[in-house]
Amino acid sequence: MKARYDDLDKDIINTPPIHTLTWWQTEIHQLAIEKGWWPHIVVGDKVEAAHKILDGSVAIPTSVIIEKLCLIHAEVSEALEFLRYEKMSLDKIQYMGGSKPEGFSIELADVVIRILDLCCALDINIEEAIRVKHEYNKTRPYRHGNKTA
Ligand SMILES: [Mg+2]
């Protein structure tokens, strides 16, 4: 028997789908390729993931990986600058003179987006890496190494 629309839970219907980090890696990297941020992995008129070009070996030069790491760092710095100069709440997203979202959380999103983009390009399963490191972190002592932060 088919459920009537009125009988369905509206909260579930209106909730956006939840995706895994692995899904986001692929989605974000494909968009980055389409927007021209990975020109060095376009072969002819065919766009391929870099790791597929050389039959399983990563075709992305180390200098490009370094460039991508610098850009991740730049996004962290943008978040820091936002924290230093902006007075609005950290979770607020605002639109200043157009459709571009701005805010501390948006800068943190840029950090995550760039990391996921790089992970997909390098065929890194960051979801698995996070799981492994988180499980290890659970075994570490309180403030291991007597660090202050
Ligand atoms: Mg940014």
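Helix α6 is hardly covered: of its 13 residues, the number that are buried is 0. This helix runs over residues 126-138. Its first and last C-alpha atoms lie 18 Å apart, close to the 18 Å expected at 1.5 Å a residue. The model is predicted.

The protein contains 6 helices and 4 strands. Along the sequence these elements follow the order α-α-β-β-α-α-β-β-α-α. Of the 149 residues, 11% are buried. Contacts between residues at least 6 apart in sequence were also examined, and 61% of them join residues at least 24 apart.

Helix α5 spans residues 104-121. Buried positions in α5 are Phe104, Arg114, Leu116, Asp117, Leu118, Cys119, Cys120 and Ala121. Just after this helix, aspartate 123 adopts a positive phi of about 60°.

Two helix pairs involving α5 are described here. Two packed helices are described by the angle between their axes and the distance between the axes. Helix α4, residues 62-85, packs on α5 at an angle of about 170°, with the axes 8 Å apart. The angle is over 145°, the cut-off for this class, and therefore α4 is roughly antiparallel to α5. On the α4 side, the contact comprises Lys68, Leu71, Ile72, Glu75, Val76, Glu78, Ala79, Phe82 and Leu83. These residues meet Phe104, Glu107, Leu108, Asp110, Val111, Arg114, Ile115 and Leu118 of α5. By class, the contact of α4 with α5 holds 11 nonpolar residues, no polar ones and 6 charged ones.

Helix α2, residues 21-34, meets α5 in another geometry: the axes come within 8 Å and cross at roughly 90°. From α2, the contact draws on Leu21, Trp24, Gln25, Thr26, Ile28, His29 and Ala32. From α5, Ile113, Leu116, Asp117, Cys119, Cys120 and Ala121 take part. The contact of α2 with α5 divides into 9 nonpolar, 3 polar and 1 charged residues.

Cysteine 120 is in contact with Gln25, Thr26, Ile28 and His29, leaving aside neighbours within four places in sequence. Valine 112 is also found in α5. Its count of C-beta neighbours inside 10 Å is 15, so valine 112 is partly exposed. The C-alpha atom of valine 112 lies 9.8 Å from that of glutamine 25, although the two are 87 residues apart along the chain.

In soluble globular proteins, nonpolar side chains tend to be buried together. The largest nonpolar core in this model has 8 residues: Ile33, Trp38, Ile60, Leu116, Leu118, Cys119, Cys120 and Ala121. Helix α5 gives the most to this core, with 5 residues.

With 10 other C-beta atoms within 10 Å, tyrosine 95 is exposed. Not counting residues up to four places away in sequence, tyrosine 95 touches Lys100 and Pro101.

Terms used. Residues numbered from 1 in each chain as written. Predicted model: local features only at pLDDT ≥ 70, side-chain atom pairs only at ≥ 80, totals over all residues. Axes fitted to C-alpha atoms, helices over the stretch in contact; angles between N-to-C directions. Parallel < 35°, antiparallel > 145°, perpendicular 65-115°, else oblique. Contact = placed C-beta atoms within 7 Å. Nonpolar A, V, L, I, M, F, W, Y, C, P; charged D, E, K, R; others polar. Buried ≥ 20, exposed ≤ 12 C-beta atoms within 10 Å, placed from the backbone. Core = buried A, V, L, I, M, F, W, Y, C linked by C-beta atoms within 7 Å. Expected span 1.5 Å × (residues − 1).
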